[in-house]
Structures are given as structure tokens and as C-alpha cells.
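Try each task on your own before reading the solution.

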Amino acid sequence: MVSLGCTMEVTKIKDHILKPKGVAIAVLSQYGIMPLTAFCLVKGFQLPETTAVVILICGCCPGGALSNILALALKGDMNLSIVMTSCSTLLALGMMPLLLYLYCQGFSNLQKAVPYVDIIVSLVAILVPCSTGILINYFRPHFSKIISKVGLGVLMISIVVIGIISSVEIGGSLLNVLSPPLMTIAALMPLVGYAFGYIISSIFRLNQPERRTVAMETGCQNIQLCATILKVAFPPAVIGPMYLFPLVYGSFQLTEAAVLIILFRCYQRFSRKWKSDTNSRCQ
């Protein structure tokens, strides 16, 4: 989270705050589309209590650092992407408990299953290092690149270690996370986010780079934050292997985004080639 903060620049954040149209649309998409999608899927598949809470928490999470990388690959507006990640993370402190409370009204047995206090505590604990990273990037920018690289390295190593330990400790129960309903939900949620993020930003007439950015910011959930909340807020005996759901979701959101990036790059390439051929014929 410190390394994520090191990617955020105060001046860029200030520019988008002074002209907040893009950020407002992105926030509306992030906290409007994804929680509603999670709620509808949980209702549709009639999942057990703990599983339903896990998916709702994932749907209510803010955008993650991965969205910045994907927006860059799609030639989006990086300033908007970084500001959106910052704003959605800060807003999560109030929006996540509020959204979980509202959506759990639709389930008679979920109100007592959501650990609101623990979720708020974990969000505060995560926002503190993120804010530290922002301050480091502002006052000591020459350290921020080093910290970002170290943070990425720690993240990659942690994913491998967690995967190995989880396979050994959980074993056969891991199949619960890979069940058809959960795999379907993990595949549909980011896809719906990408599609509706683009559609909503198109309705509000954002430019093309901003539309692609909002699409990525909407569909990409902060799976690190989600996994941390699940581990902090739930005892292992209660959550079981479901704390691995964010990793399954993350793999789908990355794969689907990669397909979109490839299609976009191919479109750009053929579009340039077509324009070049047209111009040569006109001459």
C-alpha cells in the first residue's frame, strides 16, 4: 500500500479535483455498478451466508493499483486513473460499510454476518500506509520509484507463497472456491464492470481515453484490500477457503482485461493501416 501511494502525485490529484466530472462519473460507476452486480449474482445463485458476504465485500471494494497498469496499456487517461484509485480508496472508508449495510437488507440472515467494525479498522490500517506513500512521493520523489519496485516484488513473492501455503493447508477444500457458481460469478463481475463503465462514461460524453480508463477502474477491484479485509475481519474457522476468492476474481479480471487490451491494440493497428492505405490511394 505504501508503494501504491508512491504512484500518486499531489498535483495530478489536484487537477482532477478542480475539474471533477471524470472522477465523479468514475466513482458513480465504481460504487454503483459493482456492488449492484455482486448483489444480483448472490441473489441469483442463492449462495450460503458466508459466501454471499465475501462476494458482496469484493463487489463493494474500491479500484486497485492494477487498474492503473491496465489503463496505461489501453492508452487511457493516467491522471484520471490515479485520482480515481485514490478517491475510491479514501471513499471506501465510508462507502464500504454503508453499501454492505444497504445491500444486506435484501437478505434476512446477513446483517449479523458482516463485521462492520473490523472492516473499518482494516480500511484505516490500509489507508495509513497509502497516505505515507503519497507523502513520500511528494517530499522525497527520488525514493518513490525504489519503494514501488520493492512493493511490486513483495507482492509477487507473497502471491506465490500464499498460493503454495494455501494448497498445502487447505487441500481438497480449495475446490469449494473453484465451484461452477463461484467461477461464473468471478468471471461475470469484472466483465459487467468493464462494459457498463464504458457505457456510462459514453453517456456522459467523456473522451475515448477517459472512457477506457473508467471501464478499467470500474471492473478492477482492489483484490489485495479485499483479501486483507477477509483475513482480518473473519476467523479462519468461519471463512475457510473463501478468503481465496479475491485471487480467483483477480485472475479473471486480469485475463478479461488482457483480451480487451489485445483487441484494442489490434483495432488500432488495423485502423492505422486502413487510414494509411486510404491516404495513399487518394494521393
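**Exercise 1. Find which residues of H4 meet which residues of H11, and describe how the two helices pack.**

Solution. This is a predicted model, and every step below reads from it.

Step 1: The contact of H4 with H11 has six nonpolar residues, no polar ones and no charged ones.

Step 2: Describe the geometry. Two packed helices are described by the angle between their axes and the distance between the axes. For H4 and H11 the angle is about 140° and the axes are 9 Å apart. Their crossing is right-handed.

**Exercise 2. Which residues of helix H11 are buried, and where around the axis do they lie?**

Solution. Step 1: List the buried residues of H11, which spans residues 223-233: Ile223, Leu225, Cys226, Ile229, Leu230 and Ala233.

Step 1: Check their directions from the axis. These residues cover an arc of only 160°, so they sit on the same side of H11.

**Exercise 3. Describe the packing of H9 and H10, and sort the residues of their contact into nonpolar, polar and charged.**

Solution. Step 1: Start with the axes. H9 and H10 pack at an angle of about 145°, with 7 Å between their axes. This crossing is right-handed.

Step 1: Find the residues. H9 contributes Pro190, Gly193, Tyr194, Gly197, Tyr198, Ser201 and Ser202, while H10 contributes Gln208, Arg211, Arg212, Val214, Ala215, Met216, Thr218 and Gly219.

Step 2: Sort them. The contact of H9 with H10 divides into six nonpolar, seven polar and two charged residues.

**Exercise 4. How many aromatic pairs does the whole structure have, and what is the geometry of the pair Phe39 and Tyr103?**

Solution. Step 1: Search the whole structure, and three aromatic pairs turn up.

Step 1: Examine the rings of Phe39 and Tyr103. Their centres are 5.2 Å apart and their planes are at 40°, so this pair is tilted.

Step 2: Phe39 belongs to helix H3 (residues 21-45) and Tyr103 to helix H6 (residues 78-104), so the pair ties together parts that are 64 residues apart in sequence.

Step 3: Check accessibility. Buried means under 20% relative accessible area. Phe39 has 18%, so Phe39 counts as buried. Tyr103 is buried too, with a relative accessible area of 18%.

Step 4: Turn to another pair. Phe245 and Tyr249 are also tilted, at 6.5 Å centre to centre and 45° between the planes. These two residues are four residues apart in helix H13 (residues 245-282), so about one helical turn separates them. Both Phe245 and Tyr249 are buried.

**Exercise 5. Where in the chain are Gln46 and Arg205, and are they buried or exposed?**

Solution. Step 1: Recall the background. Most residues other than glycine have a negative phi.

Step 1: Look at Gln46. Its phi is positive, near 50°. Gln46 is in the loop between H3 and helix H4 (49-60), and it is exposed, with a relative accessible area of 70%.

Step 2: Look at Arg205. Arg205 has a positive phi of about 60°, although it is not a glycine. You will find Arg205 in the loop between helix H9 (180-203) and helix H10 (208-219). With 73% relative accessibility, Arg205 counts as exposed.

**Exercise 6. Is Gly5 buried or exposed, and which residues is it in contact with, leaving aside its neighbours within four places in sequence?**

Solution. Step 1: Locate Gly5 in helix H1 (residues 2-5).

Step 1: Check accessibility. Gly5 is buried, with a relative accessible area of 0%.

Step 2: Gly5 is then in contact with Cys130, Gly133, Ile134 and Asn137.

Step 3: Follow one of these partners. Cys130 lies in helix H7 (residues 116-139) and is buried, at a relative accessible area of 4%.

Terms used
Residues are numbered from 1 along each chain as its sequence is written. This is a predicted model: local features need pLDDT of at least 70, side-chain atom pairs count only at pLDDT 80 or more; totals for chains, interfaces and linings use all residues. Side-chain values use heavy atoms; hydrogens and water are left out. Rings of Phe, Tyr and Trp (its six-membered ring) pair if their centres lie within 6.5 Å; planes under 30 degrees apart count as stacked, over 60 as edge-to-face and the rest as tilted. Buried means under 20% relative accessible area, exposed over 50%, partly exposed in between (1.4 Å probe, protein chains only). The arc is that of the directions from the helix axis to the C-beta atoms. Axes are lines fitted to C-alpha atoms, for helices over the stretch in contact, and angles run from 0 to 180 degrees between N-to-C directions. A crossing is left-handed if the near helix is turned anticlockwise from the far one by less than a right angle, and right-handed if clockwise. Contact means heavy atoms within 4.5 Å. Ala, Val, Leu, Ile, Met, Phe, Trp, Tyr, Cys and Pro count as nonpolar, Asp, Glu, Lys and Arg as charged, and the others, Gly among them, as polar.
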